[in-house]
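I opened the notebook for a structure that is new to me. These entries follow what I looked up, item by item.

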Amino acid sequence: MHRGRCRLTTGLGWRKLGFMAIQFARARYVSRSTGGDAVRSAAYNARAALTAERTGQLFYFKNRDAPDHHEILLPEGAAARFSDCGVLWNAAEAAERRKDSQVAREVLLALPADAGLTAEDRIALARSFALEHFVSKGLAVQLDVHAPHEPAAEGEEAGSPVNFHAHLLITTRRLEGEVFAATKARDLDPDVRACAPHLHGGAVKRGYVADAEAWGELWREHQDRYFREHGFSTRVDVAAIHPGAHIGPVRMRKPGSDLVARAEVLRQANEAAARDPAQVLEALTRNSATFTARDVDRFLARHIDDGAERAAVKRAVLGHGDALALLDRETLISAGRWTTRPVRAQELAALTEGEALASPSHHAAAPAGAAAAALQARTLRADQRAAFDHAIAAGSLKIIEGRAGTGKSYTLQAVRAAHELAGFRVVGLGPTNAVAQDLKADGFSDAATAHSELFKLKNGRAIWDARTVVIADEAAMMDSQMTGEILAAARASGAKLILAGDDRQLASIERGGLFSELKARHGAAAIVAVTRQRADWQRQASRDLAEGRFTDAVAAYDRHGAISWTKTQDEARAALVAAWRKDAADASDKTRFVFAYTNKDVDALNAELRGVRRAQGALSGVDVVFETRHGALPFAVGDRVQLTDTLKRAGLYNGNAGVITGVDRGEGRIWARLDAAAGQAGRDVTWTAAEFGGFRHGYAGTIYKGQGKTLDRSYLYHTHHWRSAASYVALTRQRESAQIFVATETARNARDLARQMARGEVKAASVAWTTTAEAAARAEAPLREARRRLARDPGAVRRHLENLRIEQALRPILPALAQAIERQEAAMAALGKAVARLGEKMQARAEATAARALANERSRIAGASINTRKASPRETPAAVAKAQPDAGQERYFPPGLSLIDRAKLFSARLEAERLSKGQGGQRIVAESRERPPFAPPPLIPAIPSSAGRDSFGRGAAAADVAALLDANKSVRGSRRELSWILGAVYRDPAAAATRLYALEKELGGARPTQIKLEEKNGAKLLGDLRGKKGWFASPDDKFDYEGARKYAGMIGACLADLRQVEQDVASTYRVTVGAQRRRDVIEIPALSDKAKSAIAQFRAAGCEAEVFSSKGRTTLSEIPTAAAAAALWSRIEADTGLRGELERFAAAVDARFPEGCAPPDAPVVVTEAMAAGKIVCNAVKLHEVHLEREESERRFAAERPQRAPGEPRNQQLGPKPGPGF
């Protein structure tokens, strides 16, 4: 078989039929819902090059063999311009407005190959059929006759030609002059819907005349009539009606498929478009905000065969001006991901709208009376009450994070009621119609999809204002554009916005991830207690799934017998159907649903489960077959039905499900009652199959039909497609039970199953990472601050230059200074040991003196005459007791030292500390002021650099670095990626990993290992690949083998990436620890009570806030109590001792702990010291701003013209002085 050829064969083959004509005819619709395009089909049939005006795509098929005949057949009265197929089919596309419109119908006819028939006869035969059945009734037809191609190379038909055939591409609307008719020509469809099926022993067999069979009958009769009228003895063979494979337009429907790409690259213009880096970037970021180099490889591999050219295009894509490399926010190490400038700009704009919405407090808290009334009939748990309080509190942006099965919807009902009772208009929004309908069922009188509400706002059909509260449920499913538009609309109107969702469940189909970023920036109230499941172990499993512990969750299901293990996928599906059959018979009143990942599996399960319901007698009446978007399906009263499309005028919304209550075979109408929440009546709806085809059986469905639903029992049909978000949603829908049906050919054990179910897809927004430009901008912020300070204080320029001169002078002696510091540290260590020994001796001496004095006293009292020397005053018990230090001094001096010894020790320590303050290349900031005797210990003492660890307990030893790598997010992600690839490639991933690391050690690094593995059969060095190949291998084995071969080439690169990430993280960590150890020799002095009191006053004056805003300056109006803080510092300036103490403290804190150096788990004393130092700095800034403002106002008053007598005040010229000039 030759790929790309248009072939039509029969099941019997031409060798058996000779040249007998056959009645084969096949019809299909060219529908947008399945990716069809009438212009593409027309170009393929005519072997032409046509451009689709609707999409801008060029379809080029001139490289193929031209048809034997091509013509456009127009009805009477049609404009002549439609004789051009490009004009005709672009007009047909333009006449359709729906996203699922059926633009054209194509009928494929098998033409006779009898030797007595000429090419003209075959053309006339096809033309007469088109004229009789279509053109005469007002439709336009494109007729293309294709000749047989070269013989097949293999198979039953080897050596025989394939047959002649004709393509009839027919419009679905009548052509009336210059335009198409407003309605479809449905009256010309074959009458196939009114025929009832025959029932045979409970099994449904289609007894109606199918569409293809109807055209086949018409085509047979037309051929026989033509043969009789023209004297041919040939007749149609009625038996040969079984069609074989026709590899034509069906395989070319979806844009971007391999055949379309290969056709397009044959032409120079399309060749350039397919290799345009801008278009590649747009495609890569259509459904995800970021992409990796592997994503680029996979995309280009579908379009470019040549490896060198593919590598060149990849370099052009990653080096494009719109491509942005992303870095880890913490380590500034490459994240191995990219995004584009338009994507980044869109996300940053949305976050800016969020900041603007969250910054002012337009909305006050809901009145306490309204909140109490809303809770009067509701009982909320502690986490639900916290979320409720958070949502009704003051503020314009609130975020609620509700895990699956925690009662988020119940909490939102209380939030809605509280705001409505407070006089607000509450609008409920959902990303889908199903969510919007659930909101209405929960009491939201004004609920809609986010798309429709935004459309109303843009067109003036809806108005938000300051008395509007918008509650967006399932906000994590909204894409970035929608989220940004909602934030902008709320900010512009002054409305309050409440976002509720769970970013661990299903994300948006298109580019999203902003919910997680908004949650991280503005905080969220979390609802975490799972209550949906009734069994304790299921609730714990749901919590494990929410936190990503899939191994624990799957193990729990396995322990409790909730996993059914079978050998093959077919056996797993049979086991599911058997369990479902038993449950349906035992508890027919329970709600149940089967989750499958692909629509193919959904269709197969729906067919089998419906057969169970028919056999159990749950369906009444005969089956009526309806044409749907999912094919011809039988329905009866009692059938479960689910909607896969929306028809608003009939109240039908995608995601709705219910039970069929009536069927009218003659009219083709269906009545159904939709599902509703417990205690509520379902909504009755009706539709005809002619107007609405978006429905299918509702026993099984994909996971997108399950998010937000609650069921009694659920069933999960596991295949290799499942991912973490889908698994989490599927296993958290149930109240009573959830069962997983697994084939060991897909997952060998529970561990393998957990690994497959835990696989994730990166759907995060690009702002979860940073870029090089943004990191550089943050690094330059301190420099910009310094420049602003210099600009405000000209004298500071002189001092700054003096400091630079001193540093320049010190730079040549830095090595000697470093050596001196090391020697001083060693001397300090020796001094510490000597002091300790001296303390021990003094303690022993004091104890001995006290013992002798006690013995003398006892002897005196007893009258004994003991010859002892007289104790000196320093050694009497009273003197010894007097010399004992207090509790605070004991922490600073060893016990037992006399006052003289303490003074000597203090002097030695002070001198050592003074010498140790100097650091290489920095000014000595420590004061030479001596600490008075009995001074309190420092708030944070200096730590010698020889201690091996910094003040946060971090060390740079190999064990410390290894622990860091184990905990680092980037390293763990790279290790998981390598582990996943090994699992996808090898039958024994653990053994393969061991061999891989051994090979790396043997070859001396990751790069030589990568080169070795990329050699021919290099991947087999690590073990046996998954799957099998050959004649006896099953399709799944072949699939696994092809996947293993595909991913095997990534192992070496993934290992090299892992080692590079580990090296970058370790290097950054060592630099950070080394810098902190050099700063740790600076001591933070303790504050006096007077200084602590001053800082407390500054804190009360609001000095904890940042003084300099994002605009570069802060006016006093931005900090309400700034004037009071400035005045307080002015009073402190009079007390030179207090001012000096505060300035020295702030300088020491800034030198020891610069901004951003402290880890999140820093000790409390460190964070408190940093906060106090920041308060002092801010107080100084406020004082400077205050002085600047007073000077500006004085200057303005001096320059302002005086008002003449009698002149009105409002005629004065000149600007009005602002609060912060």
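Are Phe626 and Phe695 buried or exposed? I looked them up: Phe626 is buried, and Phe695 is buried as well. Buried stands for under 20% relative accessible area, exposed for over 50%, and partly exposed for what lies in between, with a 1.4 Å probe and protein chains only.

A note on the source. This is a predicted model, in which local features need pLDDT of at least 70, side-chain atom pairs count only at pLDDT 80 or more, and totals for chains, interfaces and linings use all residues. Residues are numbered from 1 along each chain as its sequence is written, and side-chain values use heavy atoms, with hydrogens and water left out.

Entry: the whole chain. I found 40 helices and 34 strands in the protein chain. These are DSSP runs numbered from the N terminus: helices are H or I with at least four residues, strands are E with at least two. The chain has 1221 residues, and 46% of them count as buried. I then looked at contacts, meaning heavy atoms within 4.5 Å. Among those between residues at least 6 apart in sequence, 72% join residues at least 24 apart.

Entry: aromatic pairs. I searched the whole structure and got 14 aromatic pairs. The rule takes rings of Phe, Tyr and Trp (its six-membered ring) with centres within 6.5 Å; planes under 30 degrees apart are stacked, over 60 edge-to-face, and the rest tilted. Trp580 and Tyr699 have ring centres 5.9 Å apart and planes at 90 degrees, so this pair is edge-to-face. Trp580 sits in helix α21 (residues 569-586) and Tyr699 in the loop between β30 (695-697) and β31 (700-701), so the pair ties together parts 119 residues apart in sequence. Trp580 is buried at 3% relative accessibility. Tyr699 is buried too, at 2%.

I went back to Phe626 and Phe695. Their ring centres are 6.5 Å apart and their planes are at 70 degrees, so I noted edge-to-face. Phe626 is in strand β24 (residues 620-628) and Phe695 in strand β30, 69 residues apart. Ring pairs also link Phe626, Phe635, Trp687, Phe692 and Phe695 into a cluster.

Entry: charges over rings. I used this rule: NZ of Lys or CZ of Arg within 6 Å of the ring centre and within 35 degrees of the ring normal. Arg47 lies over the face of Tyr44, 4.5 Å from the ring centre. Arg467 lies over the face of Phe424, at 4.0 Å.

Entry: cysteines. How many disulfides are there? I counted 0 disulfides, taking one as a pair of cysteine sulfur atoms within 2.5 Å. Cys85 is buried, at 10% relative accessible area. Cys1054 is buried at 1%.
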